[in-house]
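Please read it alongside the coordinates.

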Amino acid sequence: MYSKNKTTNDRTGSAPAGTLTKQIRHDLMVGLLHAWPKFLPVLLIFLIPAFQMEGMIRSAAAMGHLSGVFTWGDMALYAFRGMNVYIPSPGTSFEIPVVWLLINLYLAYIIGNYPIKDIHGYGQQILLRSRKRGQWWVGKCVWNISSVVVYYGLGWLTLAAATLLTGGRLSLQVTPELLGPILQIQQAPTARLILSAALLPVAYSVSLSCLQMMVMMILKPIGGYVAATCVTAASAYFYTPFLIGNGSMLLRSDLVMENGISLTVSLVSCLAVCLFSLLTGYFYFRRSDILDKS
């Protein structure tokens, strides 16, 4: 009976039970857990804005401008504030948003070339046995999104630890008197600011990582790196909702600047890019002779 069923499965091309689960487990184990050393620098990256803000507050407090009290929420706003819209004009230089670029470009490095590497390794064996390319692609999508969530989870935990180490309060409440130094505004709906800080960077990174993976499948890993870098750099320089990186910067939100990008527009734009990338990558992978590519 077993041999007969196995022969039937091989002839019809149906996947063995649990193949999708096995594929996802393999991708999370190899692509995420075994890649844990790549996530260690994430702690250092998120410590940069934490200690920058702490130093700014201490200096202002010493001059009597601020009380020196800050929270985890204040740290998050500072870390994800991005940069103001750049308007080219004589005497105005473009200030590189170092922290924002580091956060996004290092994530592109973490995404790296795992899908291409896997298709020439054990993942190829799973694919050949199941003959279900869709399952292989779903596993990579789950790995991709999980990597982004873990990345930002570590970032928020790092900001929490830095808040405690530097004498701040572990609260997501925003200190009103810090809105000016951090976001250059005097008042705003602070709950929506925290919600934007929590959702928008993740949404942008998920869509960018999916775009990177799609381009990687077509133009190899270097193409994915170039695509992620170009979108991120262009988003810093040009202000338009069509460059989704703009929506991940709090300083370009409609909560902070007039005619800024709303939370809804940002999320819809990121979702559109994400779905386009995943569907395009899937159809390309399904129709290409990817196993013969080096």
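Predicted model: local features only at pLDDT ≥ 70, side-chain atom pairs only at ≥ 80, totals over all residues.

**Salt bridges**

Side chains of opposite charge can pair when their charged atoms come close. In this model the count comes to 3 salt bridges, and they are set out in the table.

| Pair | Closest N to O distance |
|---|---|
| Glu-54 and Arg-58 | 2.8 Å |
| Asp-118 and Lys-140 | 3.0 Å |

Asp-118 counts as buried because its relative accessibility is 5%, and Lys-140 counts as buried because its own value is 0%. Through shared partners, the salt bridges join Asp-27, Asp-118 and Lys-140 into one network.

The bridge between Glu-54 and Arg-58 lies within helix 3 (residues 40-62), where the two residues are 4 apart, about one turn of the helix.

**Aromatic contacts and charges over rings**

A search of the whole structure finds 16 aromatic pairs. Among them, Phe-94 and Tyr-237 form a tilted pair, with 5.3 Å from centre to centre and 55° between the planes. Since Phe-94 lies in the loop between helix 4 (72-79) and helix 5 (98-111) while Tyr-237 lies in helix 10, the pair ties together parts that are 143 residues apart in sequence. Phe-94 is partly exposed, with a relative accessible area of 29%, and Tyr-237 is partly exposed at 31%. Tyr-237 also pairs with Phe-238, in an edge-to-face arrangement with 4.8 Å between the centres and 75° between the planes; Phe-238 is partly exposed, at 49%.

Elsewhere, one aromatic cluster is formed by Phe-46, Trp-72, Phe-80, Tyr-151, Tyr-152 and Trp-156. Rings also meet charged groups in this model: the charged end of Lys-38 sits over the ring of Tyr-109, 5.2 Å from its centre, and the charged end of Arg-133 sits over the ring of Phe-285, at 5.1 Å from the ring centre.

**Backbone angles**

Most residues other than glycine have a negative phi. Against that background, Gln-184 has a positive phi of about 65° although it is not a glycine, and Lys-220, also a residue other than glycine, has a positive phi near 75°. Gln-184 is placed in the loop between helix 9 (179-183) and helix 10 (190-237), whereas Lys-220 is found in helix 10. With a relative accessible area of 52%, Gln-184 is exposed, since the cut-off for that class is over 50%; Lys-220, at 46%, is partly exposed.

Definitions and conventions:
Residues numbered from 1 in each chain as written. Heavy atoms only, no water. Buried < 20%, exposed > 50% of the residue type's maximum accessible area, 1.4 Å probe, protein only. Salt bridge = Lys/Arg side-chain N within 4 Å of Asp/Glu carboxyl O. Phe/Tyr/Trp six-rings, centres within 6.5 Å; stacked < 30°, edge-to-face > 60°. Lys NZ or Arg CZ within 6 Å of the ring centre and 35° of its normal.
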